[in-house]
Structure formats: structure tokens, C-alpha cells
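Biologist: Could you walk me through this model before I use it? I'd like to start with the metal site and then turn to the backbone.

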Amino acid sequence: MDSSLYVLVEDLRGDVDAARILSHGVSSITIGAAYHRARDVTPHGRTRVTFRHDGIHFPPGDHFDGLRLVPPVQRDADQEPLRALREQTRELGVPLHGWGVFLHNTTLGLAFPDVTQQNCFGDRAAPADLCPSNPDVRAYAVALGRAIARQGMDSVVTESLHFGTFGHGYHHERSFVDLGPAAEFALGLCFCPHCEARVPAAGEARAAASGLVASVLDGGPPAVALPAVLEDYARARTPIVTSLAADVAGAVAAEGSRLTFLDLTGAVKGYADGRPTGAPAADSAWQIGVDPAAVSDVVPSYAVLCYARDEARVAEDVAAYRAALGPETTLRALLRPGIPDTESAEQLAAKVKAARTSGADTVDYYQYGLVPLPALARIPR
Ligand SMILES: [Zn+2]
Ligand SMILES: [Zn+2]
């Protein structure tokens, strides 16, 4: 099975060279076909600091005709960088995967606030997080999956095809209140009309969430313990995500491609410092509305983020996902070859081995443009 390097279009320095990317020890490329707003330090890029926009890097064609939500189109789309990469990888005989950020899009959320997550107080204050319960959002996700597949991709990697979290709903966030993990979690839950219609006992959960958060905002101590009614509410959202993944997977399969569901839970736990603690990531996936076992019944491939320094933690996380996923589902483990997870080639090699022996079918790397060349050189050949 191929081992892939994640790459963003802006980091190709204006000239598409698949062989150069593959020279970093990988056997396929996962290209960002639809991405979101970010400001990144890009150590070996044409620009050393890169501003990225929300939107698709290919012409939209008629894929979004008749839909309320239409993706912004990137400035480079008419130069068709994906097509050039597709032609080169085909010639080289290597797979090309199309990676899309699905329900995390500030441009769409600001233009259509009613499709974003609505918190327990009724505020629409997460413009980046489109709600998976919303019918316009679901239609958009299916069309986006189909459109990426149509670019000739061997698979479509779906990032953010689930609920968002409070900690990352916008890109300049301030809180001078120590909410505590339970109140922060509660404040990230969506209670929009579509969620309330789909999830049982939403009214009771909403009252519990607003009561919990208000108790802290009114001067009480940080909330540590999550009330059972809120955990039940959060877990009851998993069929919404599973059915959406099934719909997108169907659209992708109809184009002759296959869907890889990217589960972000490992990033929620280890993104900042590579030191995830507590139970394996798979046990926390419900917090973003994901039931790994159920999703694996509707998608052929599943990717997990092993954002961890410690090889034993990588092994534990991969083994937990392997146990949860159906035996037919491919498991791809994504590692970061640089900070904050990895300091040496030996450490990376040990984690690759740990992932493989714990049940990962393949190991992929995140991400070409963000990682200095000496760190990319750690990728085992
Ligand atoms: Zn973001
Ligand atoms: Zn909602």
C-alpha cells in the first residue's frame, strides 16, 4: 500500500513537480484540493510565510449548480494545478489522493451564518464550523466529495466531516475565563434547529449546557465533570456524522474513487505539544460526533492522526482504532516528522514501526510545506 505525503498547492512554488515531492521517501501524494484559511510558516516555500484562503483549487464546473452553498474558488484554480499533478503522477504510476476540508470554512460561515453551529445560548459564534445536521451543509459536502473525486483522484480524504469544537471555531479567539474542560466542551455543542430536530432530548441538554457554562461565567469554578445528559447528547449525534459520511462516500464511489475518512480526534488531543494523555483517541471520537466503528461500516478507508512524541502512545492509539474499525477498512496513520512530535529519524522510524505493528496498513506524513527539509529527510525510505 502507498505511503503518502500531504501537500498544499501553494507550496508547489508555482511549478508542479510530482517527482520532487516523491523524492521525500513516499509512494503517493495527497494534495489539498479544497482547503481553509490559514497563515502558515512555510520554511522551503516560495513565500516563507503563506496565507491560504478558503476554497477549491479546481474549476467548480457544474458540481454545485442549484446548491445554496458554493465553495469559494481559489485564484489558481483556472491554472488547474491538480490536473497537472494528476498527469504527472499517472505517468509515474503513483496514486494521487484529493484532500478536502469539508465543514470548516469561515468564508461560507460568514456568508451564511444560519448554517453554522449554534451554541447553547443561541449564539452563532463559530463561523468556521458548518453544522453536519444542516441540509444545505450536507448537500454541499456530497457535492464537494463528488467534485474532488471527479478531478481523477484515487481517493478523497475528508477532513472536518464532523462537528467542530469550541477551541477552534474562529481564528482569533480570546477568553479570559478558565472554563474548564466540561464547560468548554458544552460551549462547543451545536443546538441549531436541525440538531434539535435530529437529536433526542435536545432541550434538556441545551438547558444543562447553558446552566453549566453560565455557572462558570458567573464566577464559579472551572467545570471539570461533564453531566451525563451532555455526554448522552454528544454521543447521540454520531448517526448524523455516520449518515453524512455514507452519503459522501456513495457520491465518491459513484465517480470510481474511494473515501478516506480523516478522524481529527488525535489532533484535538495532541496538536499543540505531541503529548496526548488519558484514554486512546478512539475513545474520545464521540466528542466530535464520530463513532469509528459505525463510520468504518460506510467508508472503505479511515485515517487517524498520531500526533504524539511517544512510540508507545502511537501504538496504543493505532491499536485502539484497529480494534474499533471493521476488518475490511483500511487504516492509515498520519505522523508529523517534525516538531512537536519528532526530533530524529530514529524516533520517526520507531513510530512508523509502532504504527505498522499495531495495525496501520500504511503510514502517511503531514505535511510537505510546513516541515523544514531536514525534518522531511527523516521519512524512512
Ligand atoms: Zn481552522
Ligand atoms: Zn447543528
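**Metal site and backbone geometry**

Modeller: Proline 340 is placed in the loop between β12 (330-335) and α13 (345-357), and a cis peptide bond with omega of about 0° joins isoleucine 339 to this proline. Please keep in mind that this is a predicted model.

Biologist: Where else is a peptide bond cis, with omega near -5°?

Modeller: The bond from tyrosine 366 to glutamine 367 is cis, with omega near -5°, and glutamine 367 sits in the loop between β13 (362-365) and α14 (373-376). Most peptide bonds are trans.

Biologist: OK, the metal now. Which residues coordinate the zinc ion (ligand 2)?

Modeller: The zinc ion (ligand 2) is held by the SG atoms of Cys131, Cys190, Cys192 and Cys195, at 2.2 to 2.3 Å, and in sequence these donor residues follow the spacing C-x58-C-x1-C-x2-C.

Biologist: And what arrangement do the 4 donor atoms make?

Modeller: The arrangement is tetrahedral, because the angles that the 4 donor atoms subtend around the zinc ion (ligand 2) run from 97 to 116°, and four donors count as tetrahedral if all angles lie between 85 and 135 degrees.

Biologist: Is cysteine 190 buried or exposed?

Modeller: Cysteine 190 is buried, at a relative accessible area of 0%, and cysteine 195 is likewise buried, at 0%.

Biologist: Back to the backbone: what is phi at glutamate 80 and at serine 160?

Modeller: Glutamate 80, in the loop between β5 (55-56) and α2 (81-92), has a positive phi of about 50°, and its relative accessibility of 25% makes it partly exposed. Serine 160, in the loop between β9 (155-159) and α5 (180-188), has a positive phi near 60°, but serine 160 counts as buried at 8% relative accessibility.

How values were computed. Residues are numbered from 1 along each chain as its sequence is written. Chains are lettered from A and ligands numbered from 1 in the order in which they are written. This is a predicted model: local features need pLDDT of at least 70, side-chain atom pairs count only at pLDDT 80 or more; totals for chains, interfaces and linings use all residues. Side-chain values use heavy atoms; hydrogens and water are left out. Donors are N, O and S atoms within 2.8 Å of the metal (3.2 Å for Na, K and Ca); water is not among the atoms, so sites may look incomplete. Four donors count as tetrahedral if all angles lie between 85 and 135 degrees; four count as square planar and six as octahedral if opposite donors are over 155 degrees apart and all others between 65 and 115; anything else is irregular. Buried means under 20% relative accessible area, exposed over 50%, partly exposed in between (1.4 Å probe, protein chains only). Helices (H or I, at least four residues) and strands (E, at least two) are DSSP runs, numbered from the N terminus.
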